[in-house]
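Open the model in your viewer and keep the selection tool at hand. The stops below run in order.

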Amino acid sequence: MATPIQDNLVTKNKEYASSFTDGHLALPPAKKYAVVTCMDARIDPALAYGINLGDAHVIRNAGASAKDALRSLVISEQLLGTEEILLIKHTGCGMLTFKNEDAAGIVRKNLGEEAAAELGAFKGDFLPFPNLEGAVVEDVEFLKGSKLIPEKIKISGWVYEVETGKVRSVV
């Protein structure tokens, strides 16, 4: 039996597909860039960042983590030709609100020791950060220092303000 969320998916997709005309778009992003941004439900990257369908790769994860996005960025650049990375974190991010020990404790409490043992898959690092701008700088430096991202790739770091809808440059 379908859930209301699944029903909504099917209904809204039928509406979308009925007027869809962009099936011809090429696999590589037309504007040759990738965006790393947070999975926060308050962010609509296409609208907030001016991304049209087919323009860019949008990589979303908790906290807009460069480390978490690295695999996708390598594929984006090496296999699909992107030449620029925009890293965009945001105000009010949940990753500012806890430490690794807090998250591991919740997993242990809610899911048990066996589940907590699987945290080793990512070394138990949920990649939280205590300072928003500092985290932007740190992630940009991580990407610029990675042997997996060529020096020719342009990398910039930004903050999206969920309260105003505006972006501001950090680095």
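Select T37 in strand β1 (residues 33–38); strands here are DSSP runs of E with at least two residues, helices are runs of H or I with at least four, and both are numbered from the N terminus. This is a predicted model, in which local features need pLDDT of at least 70 and side-chain atom pairs count only at pLDDT 80 or more, while totals for chains, interfaces and linings use all residues. Residues are numbered from 1 along each chain as its sequence is written, and side-chain values use heavy atoms, without hydrogens and water.

T37 has a relative accessible area of 0% and is buried (buried is under 20%, exposed over 50%, partly exposed in between, with a 1.4 Å probe and protein chains only). Show what surrounds T37. Beyond four places in sequence, its contacts include I43, P45, V58, I59 and I88 (contact means heavy atoms within 4.5 Å).

Next, the rings. The structure holds three aromatic pairs (Phe, Tyr or Trp rings, the six-membered one for Trp, with centres within 6.5 Å; planes under 30 degrees apart are stacked, over 60 edge-to-face, the rest tilted). Y49 and Y160 make one of them, edge-to-face, at 5.8 Å centre to centre and 80° between the planes. Y49 is in helix α2 (residues 45–49) and Y160 in strand β4, so this pair ties together parts 111 residues apart in sequence. Y49 is buried at 14% relative accessibility, and Y160 is buried at 8%. Jump to F122 and F126: another edge-to-face pair, 5.2 Å centre to centre, with 85° between the planes. F122 is partly exposed, at 38%.

Move on to helix α6, residues 132–145. Which of its residues are buried? Select L132, A135, V136, D139, V140 and L143. Cover for the buried residues includes α3 (66–79), β3 (84–90) and β4 (154–160).

Finish at the helix start. A side-chain oxygen of N131 comes within 3.4 Å of the backbone nitrogen of E133.

Conventions:
Expected span 1.5 Å × (residues − 1). Polar contact = N/O pair within 3.5 Å; in protein donor to acceptor, adjacent residues only side chain to side chain.
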